[in-house]
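Subject: Structure handover

Hello,

Here is the structure you were waiting for. My notes follow below it.

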Amino acid sequence: MKNIVLLPGDGLGPEVMAQAARVIGWFNDNFDANIQTTEGDIGGGSYDKHGTPLSDDTLEKCRKADAVLLGAVGGPKWDKVDYALRPEAGLLKLRKELDLFANLRPAKVFDALIDASTLKPEVVKGLDILIVRELTGGVYFGEPRGIEKLPNGERRGVNTQVYTTHEIVRVARVAFELAKLRGNKVCSCEKANVMESGKLWREEVTALHAAEYKDVALSHMYADNCAMQLLRNPAQFDVIVTDNLFGDILSDEASMLTGSLGMLPSASLGAEKNGKRAAVYEPIHGSAPDIAGKNIANPLATILSAAMMFRYSFNLSKEADLLEAAVESVLAKNLRTADIMPTKDKGGCKQLSTSDMGAAVIAELESLKAAKAA
Ligand code: IPM
Ligand code: MG
């Protein structure tokens with residue numbers, strides 16, 4: 001039995017999570033996936049109910065679970081709440097408490113959605129990049145931090161970018177290991193030209209490569225150049241490994257190469273301890289309060305996050321392949337949610353609601369299963 005916690009969160013979180021839960025149910029019924037789910041509160045909804053965006057109770061549930069699947073957090077409703085109690089703080093605390101230092105953000109261009117990208121088709125066709133973002137260090141968590149009042153009446157805001165050897169090495173190791181399963185290339189990004197933490201990053205990655213991963217092609221790039229290269233020639237990249245802040249920015253940029261934020265899943269992984277690895281899976285899109293509750297959101301990023309969970313937490317790679325294939329073939333049949341509808345000419349595409357998209361994935365799973373059995 002595998003135990004997972006579903007944290008639907010805010011905005012469109014509950015709607016997209018409901019579809020992922022249906023899909024998980026299908027794998028229980030059809031493949032003995034044996035996944036038992038419980039729900040928990042996180043984000044603004046948790047703040048409203050419990051006065052905190054992540055209660056000890058939810059955190060404890062997540063600690064005990066084999067994996068966590070999260071929807072989205074945040075919304076304008078909580079804009080005035082103190083930083084430490086904001087919905088986002090709940091997510092950051094979950095990452096920190098579970099020590100989820102490696103954030104995997106694939107940016108894959110689906111053939112059927114190639115025209116959704118703002119870049120030319122020939123630039124993005126077949127694109128398959130994996131960004132490995134350090135997630136529990138750097139400027140997000142560095143001390144000192146805060147806003148202070150100066151004697152002259154001015155105010156001063158401070159955050160600290162800080163990395164230690166082991167923080168760099170463990171995330172770089174994840175990147176090298178994953179590269180071996182893919183295109184065997186790692187590009188490490190920092191700003192070693194202006195930041196000591198970047199210089200250390202480059203030195204540690206270089207040393208790890210020389211000691212253990214000579215068979216993987218390693219390059220280094222300044223993060224600003226990487227931002228530019230992602231638009232100029234994204235196909236040059238296989239795995240990109242970078243720090244927390246650059247990873248936040250570069251992964252948003254990379255996601256847009258695919259033209260569809262609503263399609264992209266992610267995994268946040270901790271270290272393996274006694275055969276178990278803490279893991280949170282979530283779509284990379286936000287809570288989109290403007291479209292929440294309308295049954296029009298795209299549930300595919302959350303469904304694909306469940307596929308990543310099958311693969312990375314449960315070793316169910318056949319099930320993960322099947323689910324990804326089902327999503328591809330739904331798209332190939334021109335079924336779309338509003339966010340990925342072609343804007344000018346509908347091109348034979350049919351617009352589905354959130355729940356109908358969930359149903360379409362399940363119908364596709366059924367027919368793929370039947371085709372296999374035949
Ligand atoms: C992300 C988000 C978060 C981050 C926010 C919601 C705190 O942008 O997961 O990329 O900055 O890490
Ligand atoms: Mg972000």
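A nonpolar core here is a set of buried Ala, Val, Leu, Ile, Met, Phe, Trp, Tyr and Cys residues joined through side-chain atoms within 4.5 Å. Buried means under 20% relative accessible area, with a 1.4 Å probe and protein chains only. The model is predicted: local features need pLDDT of at least 70, side-chain atom pairs count only at pLDDT 80 or more, and totals for chains, interfaces and linings use all residues. Residues are numbered from 1 along each chain as its sequence is written, chains are lettered from A and ligands numbered from 1 in the order in which they are written, and side-chain values use heavy atoms, leaving out hydrogens and water.

Domains first. Between them about 1800 Å² is buried, 63% of it from carbon and sulfur atoms. Buried area is the accessible area (1.4 Å probe) that two parts lose on being put together, summed over both. Phe101, Arg105 and Ala107 supply 35% of what domain 1 buries against domain 2, more than any other three residues.

Now the cores. The largest has 67 residues, and Leu104, Val132 and Val361 have the most contacts inside it. Domain 1 and domain 2 each give this core at least three residues. Leaving aside residues up to four places away in sequence, Val361 touches Val23, Leu300, Ile303, Leu323, Ala326, Val327 and Val330. A second, separate core has 20 residues, among them Val109, Ile129, Cys187 and Phe246.

Last, the ligand. Glu88, Arg95, Arg105, Arg133, Tyr140 and Asp248 surround ligand 1, each with a heavy atom within 4 Å of it. Alone, ligand 1 exposes 320 Å², and the protein buries 74% of that.

Best wishes

Key. Buried means under 20% relative accessible area, exposed over 50%, partly exposed in between (1.4 Å probe, protein chains only). Domain bounds come from an automatic or database domain assignment. Contact means heavy atoms within 4.5 Å. Accessible areas come from the Shrake-Rupley method with a 1.4 Å probe; for residues, only the protein chains shown count as cover.
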